[in-house]
Amino acid sequence: MTQPWHLYGMALLYIVAGINHFRKPNLYYKIIPPFFTNKKFINEMTGFLEIVLGIALCIPGFTSLAAAFIILLLILVFPANIYMVTYSEGRLGLPLWLLYIRLPLQFLLMYWAFSYIDFEELFL
């Protein structure tokens with residue numbers, strides 16, 4: 001283990017979340033906004049990317065790139081978070097206050113990923 005422990009924690013978070021996309025796909029279908037037509041593809045691609053990026057975080061030389069792509073992924077899935085707050089169909093029975101807390105949590109996750117980007121490594 002050459003990386004800091006908290007990086008492995010972040011990697012585990014994304015790997016487990018990615019696996020969950022395949023274990024409970026119907027849960028994710030409900031939070032994908034209806035204007036996205038192929039929910040199965042979006043769910044599986046998101047889950048796959050979370051698993052791959054979680055693993056890549058742990059590999060020296062790929063950490064910065066993986067962290068940068070995690071930020072991009074979090075931006076791309078943000079419409080699902082907005083949908084959950086805006087439409088009752090996407091709330092999964094969760095209280096609205098909790099869904100509002102989830103919105104800034106996405107930015108904290110982006111900041112956490114940003115902290116692992118070595119820009120010299122990324123662009124050289």
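Mentor: Start with a definition. A salt bridge is a side-chain nitrogen of Lys or Arg within 4 Å of a carboxyl oxygen of Asp or Glu. Keep in mind that this is a predicted model.

Trainee: Okay. How many salt bridges does the count come to by this rule?
Mentor: One. Lys40 pairs with Glu44. Their closest N and O atoms are 3.7 Å apart.

Trainee: Why would two side chains pair up at all?
Mentor: Side chains of opposite charge can pair when their charged atoms come close.

Trainee: And how are Lys40 and Glu44 placed in the helix?
Mentor: Both sit in helix α3, residues 39-57. They are four residues apart, so about one helical turn separates them.

Trainee: How accessible are Lys40 and Glu44?
Mentor: Lys40 is partly exposed, at 48% relative accessibility. Glu44 is partly exposed as well, with 31%.

Trainee: Switching topic. What about helix α4?
Mentor: Helix α4 runs over residues 63-76, which makes 14 residues. From first C-alpha to last, α4 reaches 20 Å. That is close to the 20 Å expected at 1.5 Å a residue.

Trainee: Which residues of α4 are buried?
Mentor: Among them are Thr63, Ala67, Ile70 and Leu74. Ser64 and Ala66 are buried too.

Trainee: What do the buried residues of α4 pack against?
Mentor: Five helices: α1 (5-23), α3, α5 (78-86), α6 (96-114) and α7 (119-123).

Trainee: Is Gln3 buried or exposed?
Mentor: Buried. Gln3 has 18% relative accessibility, so it falls under the 20% cut-off.

Trainee: What else is Gln3 in contact with?
Mentor: Leave aside neighbours within four places in sequence. Then the contacts of Gln3 include Tyr8, Leu57, Cys58 and Pro60, along with Thr63.

Trainee: Now Gln106. Where is that one?
Mentor: Gln106 is in helix α6. It is buried, at 6% relative accessibility. Beyond neighbours within four places, Gln106 is in contact with Leu74, Phe78 and Asn81.

Trainee: How far apart are Gln106 and Asn81?
Mentor: In sequence, 25 residues. In space, 8.8 Å from C-alpha to C-alpha.

Trainee: New topic: pockets. What is the volume of the largest pocket?
Mentor: About 950 Å³. It is lined by 38 residues. Nearest its centre lie His21, Thr46, Glu50, Val77 and Arg102.

Trainee: Which helix gives the largest share of that lining?
Mentor: That would be α3, with eight residues. Each of α1, α2 (25-31), α3, α4, α5 and α6 supplies at least two residues of the lining.

Trainee: Last one. What about Leu92 and its phi?
Mentor: Leu92 has a positive phi of about 60°, although it is not a glycine. Look for Leu92 in the loop between α5 and α6. Leu92 counts as partly exposed, at 32% relative accessibility.

Conventions
Residues are numbered from 1 along each chain as its sequence is written. This is a predicted model: local features need pLDDT of at least 70, side-chain atom pairs count only at pLDDT 80 or more; totals for chains, interfaces and linings use all residues. Side-chain values use heavy atoms; hydrogens and water are left out. Buried means under 20% relative accessible area, exposed over 50%, partly exposed in between (1.4 Å probe, protein chains only). The expected span of a helix is 1.5 Å times one less than its number of residues. Contact means heavy atoms within 4.5 Å. On a 1 Å grid over the protein atoms alone, a cavity is a set of points where a 1.4 Å probe fits but cannot get out, and a pocket is an open set with protein on both sides within 12 Å along at least five of seven lines; lining residues have an atom within 4 Å of a point. Grid points are joined across faces, edges and corners, and a volume is the space filled by probe spheres set on the points.
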